[in-house]
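Open the model in your viewer and keep the selection tool ready. This tour goes from one stop to the next.

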Amino acid sequence: MQKIKTSAPGKLMLFGEHSVVFGQPCLVTAVDRRLSITIEENGSDFFVLDAPDLGLRAYSKNIKDLAKENLPKEVSFIETCYRLFLDRYPQQTTIHVFSKNEFTSSYGLGSSSASTVAFAKALSDFYQIPLDNDQLFELCYETVLKVQGVASGFDIASAIWGGTIYYVTPDQKTKRSKIVEPIAVKNLPFLVGYTGIKADTATLIRMVQNLQNEKPNLVDGIFAEITVLVEQAKRALIEENWPLLGSLMDQSQSLLRQLQVSSLELENLIEASQKAGALGAKLSGAGGGDCMLALTAREQRESVTQAISEAGGKIIDVAMNAEGVRLEKI
Ligand code: MEV
């Protein structure tokens with residue numbers, strides 16, 4: 001029986017969170033914690049999903065009823081992606097899907113986007129419908145928009161292309177297509193500290209939208225400043241100008257604070273790492289919890305690690321610049 005296995009990486013936002021949802025650029029790197037998807041033929045009218053990491057065992061659905069009603073969050077990305085795929089490329093054979101995650105969904109490292117991308121790639125190989133990266137992106141981004149309502153798609157692009165990329169979201173209204181520009185960086189000397197608090201991205205995006213409705217000048221001004229930092233950070237990363245990059249992180253954190261997406265726990269970890277000699281520190285992702293990044297020279301790595309732990313953070317040991325979605329040997 002035909003069996004396909006794929007995997008896709010998690011991600012860390014480096015610069016440009018929130019403003020990227022509003023059409024501005026961001027910088028994101030893929031991390032070496034991966035989510036894998038295995039697909040095999042099911043021989044009935046039922047789609048079956050086993051995702052023990054999400055607490056799902058033998059979740060099943062008649063193929064006719066896919067993504068019809070409100071779905072449990074754990075299955076929504078995969079089920080919606082399958083529905084959209086079948087609408088485009090109708091198939092006779094149904095599938096059994098196994099999902100395995102090397103990272104908990106609590107860290108905010110992008111397990112939903114990694115699972116959507118790994119699943120879409122597995123579908124394309126299983127049903128022998130060749131999809132290039134742009135077509136994979138289109139299918140997965142539509143999935144995320146259907147499930148979440150609003151998102152920039154930066155995490156989907158990161159899971160597909162891997163490495164470190166400069167990304168601008170597509171704009172449906174003006175039909176402007178996305179920008180994905182791989183950036184040649186060799187070193188990314190960041191430490192990642194997890195606050196222990198799971199943030200809800202959709203809620204935080206809505207908060208920023210509300211603030212923008214209330215105070216458009218203030219928020220658009222902040223977005224414009226963040227964009228200047230993103231462009232400077234892109235150059236600083238390529239040139240390995242760490243003192244400059246650290247200062248850009250601090251400036252970026254101050255703007256995110258003004259957007260009201262930071263939290264006490266994030267601030268504690270950021271302050272502790274700065275006091276211990278980090279070159280710069282900021283939240284990564286939606287804010288409200290999840291992870292922060294601290295940029296450190298090799299000599300300060302140990303003291304900053306200790307300071308983050310003592311301030312209540314958990315160091316997440318990840319390598320950055322990881323490979324994008326790929327087919328795995330079985
Ligand atoms: C969340 O990790 C980053 C946000 O910019 C949302 C998004 O880009 O979809 C807040």
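Select the shell around the ligand: at least three of its residues come from domain 1 (3–184) and at least three from domain 2 (190–315). Those bounds come from an automatic or database domain assignment. This is a predicted model, where local features need pLDDT of at least 70, side-chain atom pairs count only at pLDDT 80 or more, and totals for chains, interfaces and linings use all residues. Residues are numbered from 1 along each chain as its sequence is written, and side-chain values use heavy atoms, without hydrogens and water.

Now colour the two domains. The C-alpha centres of domain 1 and domain 2 are 26 Å apart. Their contact (heavy atoms within 4.5 Å) takes 25 residues from domain 1 and 36 residues from domain 2.

Return to the ligand. Around the ligand (a heavy atom within 4 Å) are Lys11, Glu17, His18, Val20, Val21, Ala151, Ser152, Phe154, Thr201, Ile205, Gly285 and Ala286. Colour them by type: 6 are nonpolar, 4 polar and 2 charged. Gly counts as polar here.

Next, zoom in on two residues. Which atoms of histidine 18 and serine 152 come up to the ligand? For histidine 18, a backbone N or O atom lies 2.9 Å from a ligand oxygen atom. For serine 152, a side-chain N or O atom is 2.6 Å from an oxygen atom of the ligand.

Last, show the surface. The ligand alone exposes 300 Å², and the protein buries 95% of that. These accessible areas come from the Shrake-Rupley method with a 1.4 Å probe.

Methods:
Polar contact = N/O pair within 3.5 Å; in protein donor to acceptor, adjacent residues only side chain to side chain.
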